[in-house]
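Before reading on, please take a moment to turn the model below and follow its chain from one end to the other. The paragraphs after it go from the whole chain to a single residue.

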Amino acid sequence: MTAIGVHHSQIGRYEKGEASPAANVLKKMANTLDVSTDYLINGTTADLAAENINDKTLINQFNKISELTEENKTIVSKLIDAFLFNRRSSKN
């Protein structure tokens with residue numbers, strides 16, 4: 001038995017993707033590892049971006065944006081929103 005009350009063989013199934021832990025087990029894992037359950041499920045924001053964005057230049061830009069002040073992040077976000085809105089409008 002492990003510190004979270006799950007047999008080692010079951011942990012192996014989790015690691016191989018053959019099984020998923022129940023919510024209470026996931027919570028125990030997060031507490032033991034001192035991370036959030038969200039982190040266990042989704043990883044970091046950078047992990048999610050890397051999984052969903054194939055363009056390495058965009059990933060690098062998003063990483064640089066994450067280092068900006070909150071005020072500058074808001075400005076970049078508004079610029080992106082305005083660009084996307086303008087693009088949608090011009091297609092209609």
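This is a predicted model: local features need pLDDT of at least 70, side-chain atom pairs count only at pLDDT 80 or more; totals for chains, interfaces and linings use all residues.

Of the 92 residues, 11% are buried, and among the contacts between residues at least 6 apart in sequence, 8% join residues at least 24 apart. The protein exposes about 7500 Å², of which carbon and sulfur atoms supply 53%.

We can now turn to the largest pocket, which has a volume of about 160 Å³. The elements that each give two or more residues to its lining are α1 (8-16) and α2 (23-33), and the largest share, three residues, comes from α1. Among the lining residues are Ile11, Tyr14, Glu15, Met29 and Thr32, and by class the whole lining has six nonpolar, two polar and one charged residues.

Finally, consider the loop between α2 and α3 (37-42), where Asp34 is found. Most residues other than glycine have a negative phi, but Asp34, although not a glycine, has a positive phi of about 60°. Is Asp34 buried or exposed? Asp34 counts as exposed because its relative accessibility is 70%, and the cut-off for exposed is over 50%.

Note on methods:
Residues are numbered from 1 along each chain as its sequence is written. Side-chain values use heavy atoms; hydrogens and water are left out. On a 1 Å grid over the protein atoms alone, a cavity is a set of points where a 1.4 Å probe fits but cannot get out, and a pocket is an open set with protein on both sides within 12 Å along at least five of seven lines; lining residues have an atom within 4 Å of a point. Grid points are joined across faces, edges and corners, and a volume is the space filled by probe spheres set on the points. Helices (H or I, at least four residues) and strands (E, at least two) are DSSP runs, numbered from the N terminus. Ala, Val, Leu, Ile, Met, Phe, Trp, Tyr, Cys and Pro count as nonpolar, Asp, Glu, Lys and Arg as charged, and the others, Gly among them, as polar. Buried means under 20% relative accessible area, exposed over 50%, partly exposed in between (1.4 Å probe, protein chains only). Contact means heavy atoms within 4.5 Å. Accessible areas come from the Shrake-Rupley method with a 1.4 Å probe; for residues, only the protein chains shown count as cover.
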